[in-house]
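Let's take a walk through a structure together. Keep the picture open while you read, and look up each spot as we get to it.

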Amino acid sequence: MSAGVGVRKSWSPSQIILTVVGAAVSAVMTAPLVWTLFTSFKSEAEAVAVPVRWLPKDWTAQAWKNIFETGNITNWFVNSLVVSICVTFVVVLVSALAGYGFARTEFRGKNALLGLVMAGLMISPAVLGVPLFTTVQSMGMIDTYWGMILPQCAPAAMVYILYKFFQGIPREVEEAAFIDGAGRWRIFFTIVLPLSRPSLSAVGIFTFIASWNNFLWPYMATNNPDLMTMPNGIATVMNSYGIQWAQLMAGGLMAGLPLIIVFVFFQRQIVAGVAHTGLAGQ
Amino acid sequence: MTTLDTTAVPGAVRSVAAVAEDGNRARLGRMLQHGGWFVAPFLLLYALFVLVPILRGLWLSLTDANITGEGASFVGLDNYREALGDPLMWESLGHSAYFTLLVVPCIVVAAFLLAMLAHHIEHAKWLWRLCFFAPFLLPSAVVGNMWRWMFNPDTGLIDHIFGLESAWLTQKSTAMTAVVIATLWWTVGFSFLLYLAALQNIPPHLYEAAALDGANAWHRMIRITLPMLRNITGLVVALQILASLQVFDQVVVMYEFGPGPEQSTRTLVQYTLEQGFTSYRVGYASAISILFFLIIAIVALGRMWLLRKREEGTR
């Protein structure tokens, strides 16, 4: 309503109430993050001191210094970056090609294959973890980057989203390019892909978030602390030798803050990306 | 002859152009045949990491394979028989179902309310979106650790704020509730965005017409907003049921990869992985995986069936 009728922004009584409620809810939603941040700037002793205090009495970056000096958290961070960037690149490329292939080209057995891909929407590492592990194991890819990356690169959902999108592009665009003498690969890479930027970035954003945060598959695929991603290192190694809460919180922020900072700057694109990929389930 | 020619030419040109266009279309169509190359890279990955594991899982479930995969022998349906009579399997399935039952309604209601709020506040719209959605961007492992810290009996924020002295994570009665609270906080942002997008897609003229008819805010909500959100609610409920049945990450992090107080938080995914990787019973774990897949498939197909029925109903 507020957007539709085109009224100027006002401070009517109802707006004041709504804004106060909004601020209260926002405070609740951000409280755990703020609390985590403050904990990471306490000393280990103060973190577990009773009574509980919101703010650190003595601000110290000791926990942050410790996680960099003693653990292999920088390794995990780099591993997370490598894995998520590779997964995102492969997923966007491969599912764009497949989406276009299913939407626009003809080949034998297309409909049967499309049905098979749709059935894959129901499969996840949570459901098929053990057989997936033994499959990857038999390929000799456990405890390797490939073993962490490739099994995340076959998301039927992303193919489906791009398939739907390519079906909606008018054929005339490709026909015009074809008359100008462009081949099918050139049409795809120079005409179709640039037209699909919004959908491709939606798929890319969603894939990157999912891969950066993925816990279950990297957890199964590697036991080597040098190969772990951020979520795995934090959940397994950092928890294994006596809990140091301030360090645990600092590590958690290091894993979580990059995406949140990116979100602050690219809010519009990320919101559109998540809503777009989510809504495609309709 | 000349007159004939001049009248004939325009038509001839047109037909030549039409023929050329048909030819182009046909050639384009021919060129787009054998499009198998476009789908080949995906199909290869899909075959290796989805189809092969399914087939392998089906085969393994009929054997007594261990983690090394050597010396497995065929045991028929023994694994399935054992699984269906395994009290721990049923208990774990029960925990996953209980979690789903608790968390899905909470997420749906909270996401709807947050979206209504963010949609109707006129000031600083970006700020509400940021605050409501930000937790969704955190890794599950981080969420698990944060909430383990939040629920810590002496030094946690929850007990401090509410003046409680309860050990949330060590009592059977509150163990799953704590996971539900953490999960609600973490994932509500996703459904919130879907609801927000749906609210923004409701044509404003519906509300304008209703306002002219003198409908008050409550009537507009009941008669316009809620019916217009029916589809999105169906989607959110379905996505959340499927995701919640597969819950694993945040639970094991909150309970340090253990079964929780009095074994009250062991989920089905966790039990399957324990059977496979701790007890090395890959065959048995595969059988549970296949049963689990059937449950997921039934939920997914059930939703499709409901959608189709509703479509027929509206026709």
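Among contacts in chain B between residues at least 6 apart in sequence, what percentage join residues at least 24 apart? The answer is 70%. Keep in mind that this is a predicted model.

**Chain B in outline**

Chain B has 14 helices and 0 strands. Read along its sequence, the pattern is simply α-α-α-α-α-α-α-α-α-α-α-α-α-α. The chain is 315 residues long, and 41% of them count as buried.

**Where the two chains touch**

The contact between the chains takes in 83 residues from chain B and 84 residues from chain A. On the chain B side, helix α2 (residues 36-60) gives the most, with 16 residues. What sort of residues does chain B bring to the side that touches chain A? By class, there are 55 nonpolar, 20 polar and 8 charged residues.

Now find helix α13 of chain B, residues 268-278. This helix is largely enclosed by the rest of the structure, because 8 of its 11 residues are buried. The buried ones are B:Leu268, B:Val269, B:Gln270, B:Tyr271, B:Thr272, B:Leu273, B:Gln275 and B:Gly276.

The axes of helix α7 (residues 125-138) of chain A and α13(B) come within 9 Å and cross at roughly 5°. An angle under 35 degrees counts as roughly parallel, so that is how α7(A) runs relative to α13(B). From α7(A), the contact uses A:Ala126, A:Gly129 and A:Val130, while α13(B) supplies B:Val269, B:Thr272, B:Leu273 and B:Gly276. Sorted by class, the residues of this contact are 4 nonpolar and 3 polar, with no charged ones.

Next, look at the loops on either side of α13(B). B:Gln263 sits in the loop between α12 (249-254) and α13 of chain B. Its phi is positive, about 55°, although B:Gln263 is not a glycine. B:Tyr280, in the loop between α13 and α14 (282-314) of chain B, also has a positive phi, near 60°, and is likewise a residue other than glycine.

**Over to chain A**

The UniProt annotation "domain: ABC transmembrane type-1", from an unreviewed entry, covers residues 77-266 of chain A. Over that stretch the chain is 76% helix and 0% strand, and its end C-alpha atoms are 21 Å apart.

Chain A has another helix pair to look at: α14 (residues 230-240) and α15 (residues 245-265), whose axes come within 9 Å and cross at roughly 170°. Which way do they run relative to each other? Angles over 145 degrees count as roughly antiparallel, and α14(A) and α15(A) are therefore roughly antiparallel. Their crossing is left-handed. On the α14(A) side the contact involves A:Met230, A:Pro231, A:Ile234 and A:Met238, and these meet A:Gln247, A:Leu248, A:Gly251, A:Gly252 and A:Ala255 in α15(A). By class, those residues divide into 6 nonpolar, 3 polar and no charged.

| Helix pair | Axes come within | Crossing angle |
|---|---|---|
| α7(A) and α13(B) | 9 Å | roughly 5° |
| α14(A) and α15(A) | 9 Å | roughly 170° |

**Zooming in on two prolines**

A:Pro231 belongs to helix α14 of chain A. Is A:Pro231 buried or exposed? With 30 C-beta neighbours inside 10 Å, A:Pro231 counts as buried. Leaving aside neighbours within four places in sequence, A:Pro231 is in contact with A:Asn213, A:Phe215 and A:Ala255, and also with B:Pro139, B:Ser140, B:Ala141 and B:Val142 from chain B. The C-alpha atoms of A:Pro231 and A:Ala246, 15 residues apart along the chain, are separated by 17 Å.

The other proline is A:Pro51, which lies in the loop between α3 (44-47) and α4 (62-70) of chain A. What kind of peptide bond joins A:Val50 and A:Pro51? That bond is cis, with omega about 0°.

Note on methods
Residues are numbered from 1 along each chain as its sequence is written. Chains are lettered from A and ligands numbered from 1 in the order in which they are written. This is a predicted model: local features need pLDDT of at least 70, side-chain atom pairs count only at pLDDT 80 or more; totals for chains, interfaces and linings use all residues. Two residues are in contact if their C-beta atoms, placed from the backbone, lie within 7 Å. Helices (H or I, at least four residues) and strands (E, at least two) are DSSP runs, numbered from the N terminus. Ala, Val, Leu, Ile, Met, Phe, Trp, Tyr, Cys and Pro count as nonpolar, Asp, Glu, Lys and Arg as charged, and the others, Gly among them, as polar. UniProt positions are given in the numbering used here, feature names are shortened, and annotations may be inferred rather than shown by experiment. A residue is buried if 20 or more other C-beta atoms lie within 10 Å of its own, exposed if 12 or fewer, and partly exposed in between; C-beta atoms are placed from the backbone. Axes are lines fitted to C-alpha atoms, for helices over the stretch in contact, and angles run from 0 to 180 degrees between N-to-C directions. Angles under 35 degrees count as roughly parallel, over 145 as roughly antiparallel, 65 to 115 as roughly perpendicular and the rest as oblique. A crossing is left-handed if the near helix is turned anticlockwise from the far one by less than a right angle, and right-handed if clockwise.
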